[in-house]
Amino acid sequence: MEFNIDDAVSRRVKVFTDRVSMAKANDLYFYNQPIEELRSGAKVLVHGREMGMYASYGYLGLLNHPRINKAARKAIDQYGTGTNGVRSLAGTLTIHDELEETIANFKHAEAALTFTSGYATNLTVISTLMGRGDYVLSDKLNHASIVDGCLMSGAEFRRFKHNDMEDLDHRLGQIPDGVAKLVVVDAVFSMDGDVADLPRMVEVCKKYNAYLMVDEAHSLGVLGKTGRGIEEHFGLEDVIDIKMGTLSKTIPSIGGYIAGKKDLITYMRHASRAYLFSAALPPAQAAAANEAFKVILDEPWRIKKLNHNTQLFINGLKSAGFDTLLTTTAIVPILCGSDDQAFAMTREAQHHDVFVLPVVSPAVPEGMARLRATVTAAHEPSDIEGAIDVIAAAGKQIGII
Ligand SMILES: *Cc1c(COP(=O)(O)O)cnc(C)c1O
């Protein structure tokens, strides 16, 4: 059969593939690079070269932790490698129940529920809870999985100014009384690294009787003295209705969870489609996640080291002259300006064995292209200083600082 390249769908595909080919031809394509070895997580082997990894979300350096690997191996011996189906039918294992209890305890919640990805968690939780005639209010910088969940729900979708509680208050005030309202935010914003203004948000939500959901993808293990997240960070206890998080970042596994009141969890266990119609977490991944929460509590030095490394990295970049926006966390945006400047910075850094990645439009506004760099507890301070030197030299060469 002749492939017709002149139809609208093929043209759409071609626009994209042309862009990818062009970037590759100009040595400006940095995505999907296969990593050969993960070593400590802070150093990786790419194309046979050892590089410092500054683009990973393994904030506490738990990947390859002996206790976690051992738990995963034990689970394979006990259960095998799959679950043969969905949780509500034949797919629930004792390790799933254990994991959910561990998460509930860690998050100081009555109960918890897991799903097979963080993305699916946001999609299914928001769209199960909300529907036509309801209102969802989402921070402008929320993660794509939250946006997709809001759109999928069919509820009225309102975006408020980034971390602006006056704007949230104003928008909630425009919604009629008695209507179901859900406010959703990232705890730590995945592009800018700043922390959501939880104390004021809780007040505003109370004022309007709105339900509050917070995504802790980048704050679990990062915020709070014991890594419990944003509530611990602000010294607030149990003020979030839906405490959502992932098992794929600080926790070196895969999956997502929500924690909250027992009734909410029972409801989601029987009504959310990603739970009812998608297979359960594999046993090794559930066991790894379960053990990781315990390691976080047993090894508090990791959080201290992460905080120390974060300060070192942000201060070093700032004193070199970079704009790092309002970050106070391990996600550090290094503003470059144009998309081309961000690509050039990436190429320079990678040529000097510093693995960073660019974020360009439309993911961020035009002119705000950046490197989005991350540090973890697995980095050594001397490595971080070396990475800052490489990034600063590239910044001078390209004319950013
Ligand atoms: C990564 C991320 C997710 C998705 O989690 P996965 O486990 O990768 O599917 C959801 N929300 C935020 C804020 C994220 O950064």
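A residue is called buried when its relative accessible area is under 20%, exposed when that area is over 50%, and partly exposed in between (1.4 Å probe, protein chains only). The model examined here is predicted, so that local features need pLDDT of at least 70 and side-chain atom pairs count only at pLDDT 80 or more, whereas totals for chains, interfaces and linings use all residues. Residues are numbered from 1 along each chain as its sequence is written, and side-chain values use heavy atoms, with hydrogens and water left out.

Helix α5 covers residues 118–129, helices being DSSP runs of H or I with at least four residues and strands runs of E with at least two, numbered from the N terminus. Ten of the twelve residues of α5 are buried, so the helix is largely enclosed by the rest of the structure; among them are Gly118, Leu123, Val125 and Ile126.

Seven aromatic pairs are present in the structure, where rings of Phe, Tyr and Trp (its six-membered ring) pair if their centres lie within 6.5 Å, and planes under 30 degrees apart count as stacked, over 60 as edge-to-face and the rest as tilted. One of these pairs, formed by phenylalanine 115 and tyrosine 275, is edge-to-face, with 6.2 Å from centre to centre and 80° between the planes. Because phenylalanine 115 belongs to strand β4 (residues 111–115) and tyrosine 275 to helix α11 (residues 273–276), the pair ties together parts that are 160 residues apart in sequence. Both phenylalanine 115 and tyrosine 275 are buried. Elsewhere, ring pairs join Phe106, Tyr257 and Phe293 into a cluster.

Technical notes: The expected span of a helix is 1.5 Å times one less than its number of residues.
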